[in-house]
Amino acid sequence: MAEATTTAPATSPNGETEPKPKGYEGQTFLVGEEIYVRGIEEEDAKAVTAWHDTIFPTSTSRAATIIKEDLPKQWSARKNTMLLVRKADDRVVGSVVIISSWPPGTDLSIYVDPMLGAAGARLKAEAITMIVPWIAEENQKPVIWIELASDEALAIAAAERIGMRETARFREALWRRGQRRDIVAFEYLNPTWMATLGDPNAIELERSGTGQPRPVTPSVTLDVDPPSHAVMVGKRVYLRALQKEDAEPIARWSRRETEPFWDAGRFVRSPVLFAHWTQEEQKEDPPEHIWWAVCLRENDELIGQVGLIDLDLVNRYAETGSEINRPDYRGGGYGSEAKHLLLEYSFERLNLHMVRSFVIFPNTRSAAALRKQGYREAGRFNWAFNLNGTYGAVVVFDLLAEEWRALPRG
Ligand SMILES: CC(C)(COP(=O)(O)OP(=O)(O)OC[C@H]1O[C@@H](n2cnc3c(N)ncnc32)[C@H](O)[C@@H]1OP(=O)(O)O)[C@@H](O)C(=O)NCCC(=O)NCCS
């Protein structure tokens, strides 16, 4: 092993000073053939390009703020970032982020310094092989997911070798070295939990609706002034920016919810927190999330919201979300009309290439609405939330801009 960086001696509990161990010296787990995993340290700010998953520039001082301020906040939100370090020379080569904010599932994302090229691909494969079994066996997590690009052959082979299965595929979501690639989601179902709960893939999920795509309800051109803040106007509804004042009716309707199943149970919203959230989201430029109020054209009443989550303007994709807050307006096509306004905005104004959507089952109406809007089923994530003494599935969908453009207009 090459020499590691020299650092100041540490003080042990009995007051004696002992030299800081070098590299992976004394480490008993998460040490592989070529790399090992360790926690992030202040000095790692200098190696930020190797571990911070962004294509934009990050200076050492910005990295120091990320380490001291952003990562502790994420850690409190059950998102833990650790580093991948090369054993041979103690060089930081990447990072692993473990997200367990919504038990029982764990999301894993592994980033390897793109400057390492083919060697980096090998290290990512090794990281998968080392980390997934550790999360399953030691953290006793029932299910672990990782999203890979369809051209990451070594990482995919490693995932399959340790027993992960492809569980969803989001077509053409990524733009990598001049070509569009799929996001392939792999799922590791912990065999210990499978022995108790059985194979969740054997469970057929209930469907509702005809499953047939319907004509797109396009936006309309007005010969009068548009409603205040409107960005897209349809036949019956329009989309406008969410205002602080919308928080009160949205909170009120959250207490009048009639259906317990959506989003894994009802929840009560605070107008204060909702207003704060809308204002915070709108500060970001470019934004990561965009939410619009859905209002009736006939009386400007707010009936729901539609939005984009995790907007990625480089790869040109996002997750779509919708909720008609007033139960009396569900099942009447208002949600689908609002969604088509959102899709038109996403594809024709933001120039997105594709969108995806996640439905917590048994929300069969939401899935039926997506199918009628032209989305295709892309797979499912099993054991994604607690349900009736076991775990339920999230069914996922995707839709390409070109597919949406080819749908008939009504
Ligand atoms: C999901 C939602 C946005 C869809 O909007 P919508 O205006 O209700 O949808 P539509 O009326 O266009 O389509 C609903 C489809 O579900 C079917 N459906 C209607 N009521 C249903 C019910 N109670 N159970 C199951 N399916 C139902 C309809 O038949 C229709 O399909 P079809 O036209 O093929 O027959 C809306 O229902 C909603 O906000 N629900 C609560 C929040 C939610 O679930 N959000 C999505 C989270 S992923």
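Student: Which residues are closest to the ligand, and how many residues surround the ligand?

Tutor: In this predicted model, 23 residues surround the ligand, and the closest are S208, G209, G335, S336 and A368.

Student: How do you know that the reach of α8 is close to the expected one?

Tutor: The expected span of a helix is 1.5 Å times one less than its number of residues. With 16 residues, α8 reaches 22 Å from its first C-alpha to its last, which is close to the 22 Å expected. After α8 comes N351, whose phi is positive, near 65°.

Student: Which residues of α8 are called buried, and what makes a residue buried?

Tutor: A residue is buried if 20 or more other C-beta atoms lie within 10 Å of its own.

Student: Why is G26 called exposed?

Tutor: The cut-off for an exposed residue is 12 or fewer C-beta neighbours within 10 Å, and G26 has 7 inside that distance, so G26 counts as exposed. G26 lies in the loop between β2 (17-18) and β3 (35-39); its C-alpha atom is separated by 26 Å from that of V48, a residue 22 places away along the chain.

Student: What makes domain 1 and domain 2 neighbours in contact, and how many residues take part?

Tutor: The protein is divided into domain 1 (23-196) and domain 2 (230-406), and their C-alpha centres lie 29 Å apart. Contact is judged residue by residue, with C-beta atoms required to lie within 7 Å, and on that basis 19 residues of domain 1 are in contact with 20 residues of domain 2. On the side of domain 1 that touches domain 2, β7 (143-149), β8 (165-176) and β9 (179-189) each supply at least two residues, with the largest share, 9 residues, coming from β8. The residues of that side comprise 13 nonpolar, 2 polar and 4 charged.

Terms used:
Residues numbered from 1 in each chain as written. Predicted model: local features only at pLDDT ≥ 70, side-chain atom pairs only at ≥ 80, totals over all residues. Domains from an automatic or database assignment. Contact = placed C-beta atoms within 7 Å. Helix = DSSP H or I, 4+ residues; strand = E, 2+ residues; numbered from the N terminus. Nonpolar A, V, L, I, M, F, W, Y, C, P; charged D, E, K, R; others polar. Near = placed C-beta within 6 Å.
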